Every structure is written in C-alpha cells, then in structure tokens.
Amino acid sequence: MLEVTGFSAGYQGNDVIRDVSFSVNEGEAVMIIGSNGAGKTTLFRSICGLSPTSSGSVRFNNLDITGMPAQRIVRLGLGFVPAERHLFPRMTVHEHLALGAYPQRPDPATMTIVFDLFPRLGERRRQHAGTMSGGEQQMLAVGRALMSQPRLLVLDEPTTGLAPKLAQEAYQALQVLRRQGLTLLVAEQQVPLAMAYTDRGYVLENGVVSLEGTSAELAADPRVRTAYLGVT
Amino acid sequence: MIYGLGGALNLAYGQMAVMSAMVVLFAMDAGVPALPAVGLGLLTGALLGLVLDLTIFRPVYRRQGEARVLLSLLLTLGLAFVVDGFLTWRIPFRGLTLNIGGGPIDILGVPMRRGSLLASAITILAFALLFAFFRTTALGRAVRSVIEDEQGARLVGVDPRRMLRLILIMSGFLAAIVAVTRAMVTPVTVTLGFEITVFALIVTVVGGLGSFPGALLAGVILGIVNSIAASYIGTFLSLIILLAAAGITILLRPSGLLGVRE
C-alpha cells in the first residue's frame with residue numbers, strides 16, 4: 001500500500017534522514033520507533049507532503065506521490081496526524097470534523113464512527129479546539145483525519161503528552177479502527193505500547209533504518225531491549 | 001475588515017479603497033449612472049485584490065511566520081506610497097461624493113442623514129454576509145482553517161494558496177465598499193488612503209489579529225469613541241483619542257479584545 005524507497009529528506013541541504021526504505025501492506029499496523037531526534041517526524045512530514053523531499057520515492061497504492069503537496073495526498077486516501085496536531089484553535093469540534101471531509105460534505109456515517117470511537121468529542125461538539133485538553137485534542141486530530149475516509153492513517157507520536165492511561169486508550173482506539181479495515185503507520189517513542197499493538201516495525205537511528213522485523217522479533221532483540229525497552 | 005488574515009498585513013488597503021473610489025468617480029464623469037458606476041468600483045476593488053495576490057503577495061506567501069508579516073508590510077507600504085504619490089500628482093484635488101437625495105429621516109426622534117443611514121445599512125449587510133459566509137459555508141470554513149493553521153488546512157485537503165487569494169479578492173472588494181459607503185457621508189479624496197489604512201489597522205490590532213468577531217467589536221467600539229470624541233472635542237483631536245483608546249486596549253489585553261494568546 002505504501003512503498004518508501006531510498007528516501008532522504010531534511011532542511012536546507014542537511015538531510016536528517018538518509019536512504020530510508022520501508023513498506024506498509026494493506027491491513028497492517030506498522031511502527032517506526034526511534035529516540036527523540038532520530039528523524040521520525042521529518043520522515044513522516046516529508047512522506048505526507050508537508051516538508052520537502054531530497055531524493056528517493058514514495059508510492060501510495062502504486063501511485064508516485066513523491067513531493068506532492070499535502071493537500072493532494074490527503075485526497076488520495078492517506079490521512080496524517082502530525083505530532084503537533086495542527087488543529088484550528090478557534091474552531092469547534094464540529095467544524096474540524098466538517099473540514100476533515102473537505103471538499104466533500106461530511107458523511108454522517110463517518111461522523112458517527114468518530115463519535116462512537118471518541119464519545120468525548122460528541123459531548124464537546126461546540127467547544128473550541130484551543131480550550132481542550134491534550135488528550136481531547138489528540139482525539140480531535142485523529143477524528144478530523146478519519147473524516148476524509150482514509151485507507152492509510154499515518155500518526156506521528158499519537159501519545160505525546162498523554163498520561164499512561166490515555167496513551168493506552170489511544171492505542172485501543174487505533175485497534176478498533178484496524179478491525180474496521182484501516183491500515184496504520186505509527187511513529188512512537190513509547191516503544192512497549194507501540195509493540196503491543198503493531199505487526200511489524202522499523203528502528204530509525206540517526207536518520208537511517210538500523211533494524212526491522214515483526215514487532216515480536218524486535219521486542220526480543222537485545223539491542224532494542226537495551227535501547228528502547230529499558231531492559232539491561 | 002479582512003485585514004490581518006493570512007499572516008500578512010496590507011498597508012495599501014486604504015489605497016485600494018481610494019482607487020476603487022476614483023474608478024467610480026471617473027465612470028460617473030464619463031456619464032455612467034451612479035449605481036453601475038459603484039458596481040464598477042466594487043469590481044475594481046476585487047480585481048485589485050487579485051492583482052496584488054498575483055504580484056507582490058507571491059513572495060510574501062512563500063514565507064512563513066514573522067518573515068511573511070514583515071515582507072508584506074514592506075512591500076505594501078511601498079505600493080501605498082507609489083499609489084498615493086501617483087494619485088496626488090495626476091489628480092490632486094479630486095474626491096468622490098455620493099449624494100443620497102432627500103432630507104433627513106427621523107429615527108426615534110433623532111434626525112439622521114439618508115447617506116449615513118444607507119452607509120450603515122450597507123456596512124451591516126456586508127458584515128452579516130461575511131459572517132454567514134465564514135460560519136456556515138464549507139468554503140468559508142476552509143478559509144478560516146488557513147487563517148487558523150496553514151499546515152492543518154493542508155492536512156484536510158485545503159490549498160492555502162487559493163484561500164489566501166480569495167481573502168485578498170474579498171479584502172479588495174470590501175475596501176471598495178468602505179470607499180463607497182464613506183463617500184455617502186464625506187468626500188473620499190485621493191489623500192484619504194492612509195487614514196483608511198490606519199483605522200483598519202487599529203481595528204484589527206485592537207480586535208485581535210485574525211479574529212473576525214474581534215474586528216467587529218473593535219470597529220463598533222472605536223467608531224463610537226471616534227464620533228463622541230469628534231462631536232465633543234473636535235475632529236483633529238479625535239484621531240489622537242482613537243489612538244489612545246487603541247493603545248490602552250493593547251496595554252490591557254496584548255492579544256486584542258478577542259485575540260488568542262500565543
């Protein structure tokens with residue numbers, strides 16, 4: 001479904017990520033793990049068209065989307081929830097969801113799915129995003145992305161700033177979406193949590209993929225255990 | 001009105017208004033009846049917005065954040081001087097006056113000039129339409145999303161560049177409405193550009209940059225302050241009082257009346 005090959009990107013000629021290749025198959029949940037500054041955010045932002053690409057290619061459903069602007073990529077069915085969320089502070093929950101479907105009219109069935117998944121959003125339809133808690137904002141960011149009825153949802157550190165219980169809930173919600181047929185790609189620093197909910201993973205270190213395998217394999221790998229699971 | 005939106009400021013706003021007024025004036029000189037002439041003026045305003053978007057705002061929108069604001073200020077200020085200079089050189093003493101016939105009308109015992117009434121009615125209508133556009137239409141929401149967070153807008157499939165273009169076109173159209181309604185009350189002369197810009201700037205900053213209800217509130221409050229000051233103290237001092245009122249507001253609420261704290 002998503003095929004990233006020899007991908008490099010960065011800012012002003014300094015490539016933060018170099019020659020990264022990975023793939024996501026339909027129906028899978030794939031994680032990219034790595035410490036702070038490993039290049040996860042740059043990688044995702046470049047794939048999704050928010051930041052420029054230096055070289056390499058990104059194919060989505062056999063279509064070359066390398067360097068395509070984000071607003072076009074979204075319409076192809078690739079939803080992106082960035083770590084900074086990029087919500088609209090003075091707009092209501094309902095307006096976010098309506099915009100999520102832009103340029104189409106919001107589909108009532110999809111909105112029901114979002115409110116079933118996140119009942120908190122349903123209770124706060126008229127509340128402005130700027131006045132919501134971090135957890136609620138994260139729900140809204142996911143809900144907004146879902147409104148475009150994506151086939152692949154890319155999430156950059158969905159648990160940033162969330163209490164452990166909320167982080168757990170966030171992954172449970174993603175699990176529900178997966179059962180409904182959504183393909184997931186997640187970048188995560190909270191490695192144990194991501195491992196429990198994904199099929200495969202890649203380890204990003206200093207901008208290059210250093211390890212890859214099923215989540216179970218990675219969980220058993222001594223290098224991953226010392227570096228990311230805090231096991232000595 | 002649509003002024004501090006899209007992360008850029010347009011210091012040639014008043015000049016857009018004046019140029020639209022001059023088009024109305026020349027059309028009427030050429031024998032065009034008032035109503036079509038005004039229509040032509042509004043069209044000119046919108047067209048000027050489009051021209052600005054296609055020319056000096058191109059490099060502006062390529063930048064982000066502070067660099068965008070600064071470049072927009074620099075380029076539009078330059079344009080404002082050029083336009084002002086050109087107009088005062090070629091047609092120094094012209095001014096547009098739209099006479100609305102008939103005597104004053106009594107409203108609740110207060111005699112009101114027909115021109116003022118019509119100007120107020122048009123302004124209120126324009127505001128209502130603008131408000132409805134922003135709140136209830138999908139396109140209006142898309143424009144607001146760009147004002148709120150450009151990257152967020154792109155993530156929902158909105159092309160910021162097209163929305164910013166729409167903002168400038170609407171801004172030009174509204175500048176023309178400002179010119180026309182003002183001409184119903186006092187003559188719009190070629191030198192009025194900067195005064196219109198300054199008032200728009202004060203309203204925007206006091207209301208909160210990028211806040212539509214804030215701009216409305218600030219416009220009404222400052223309008224009242226201005227007219228009270230003008231009738232009790234004099235027109236010359238009223239601008240100073242206006243600026244003082246704006247200054248006090250900014251001191252008390254740095255992000256504007258309804259602005260969002262960064």
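Contact here means heavy atoms within 4.5 Å. In this predicted model, V158(B) touches Q71(A), L99(A) and Y102(A) of chain A as well as A142(B), S145(B), V146(B), A153(B) and M163(B) of chain B, residues up to four places away in sequence not being counted.

V158(B) and L96(B) are the residues with the most contacts inside the largest nonpolar core, which has 59 residues. Among the elements of chain B that give two or more residues to this core are α1 (13–29), α2 (34–54), α4 (65–90) and α8 (160–183), and α8(B) gives the most, with 12 residues. Apart from it lies another core, of 44 residues, which includes V114(A), Y171(A), L193(A) and V224(A).

Chain A also holds an open sheet of 6 strands with mixed pairing, in the order β6-β7-β8-β3-β9-β10; β6 and β10 (208–214) are its edge strands, each pairing on one side only, and the twist from one strand to the next averages 15°.

| Strand pair | Bridges | Sense |
|---|---|---|
| β6(A) and β7(A) (residues 152–156) | 4 bridges | parallel |
| β3(A) (residues 29–33) and β8(A) (residues 183–188) | 5 bridges | parallel |

Within the second pair, I33(A) has E188(A) of β8(A) as its bridge partner. Helix α1(A) (residues 40–47) packs on the sheet, touching β3, β6, β7, β8 and β9 (200–205) of chain A, and its direction makes about 145° with that of β8(A). Helix α7(A) (residues 164–179) also packs on the sheet, touching β3, β7 and β8 of chain A, at about 160° to the direction of β8(A).

Methods: Residues numbered from 1 in each chain as written. Chains lettered and ligands numbered in written order. Predicted model: local features only at pLDDT ≥ 70, side-chain atom pairs only at ≥ 80, totals over all residues. Heavy atoms only, no water. Core = buried A, V, L, I, M, F, W, Y, C linked by side-chain atoms within 4.5 Å. Buried < 20%, exposed > 50% of the residue type's maximum accessible area, 1.4 Å probe, protein only. Pairing = 2+ DSSP bridges. Axes fitted to C-alpha atoms, helices over the stretch in contact; angles between N-to-C directions.
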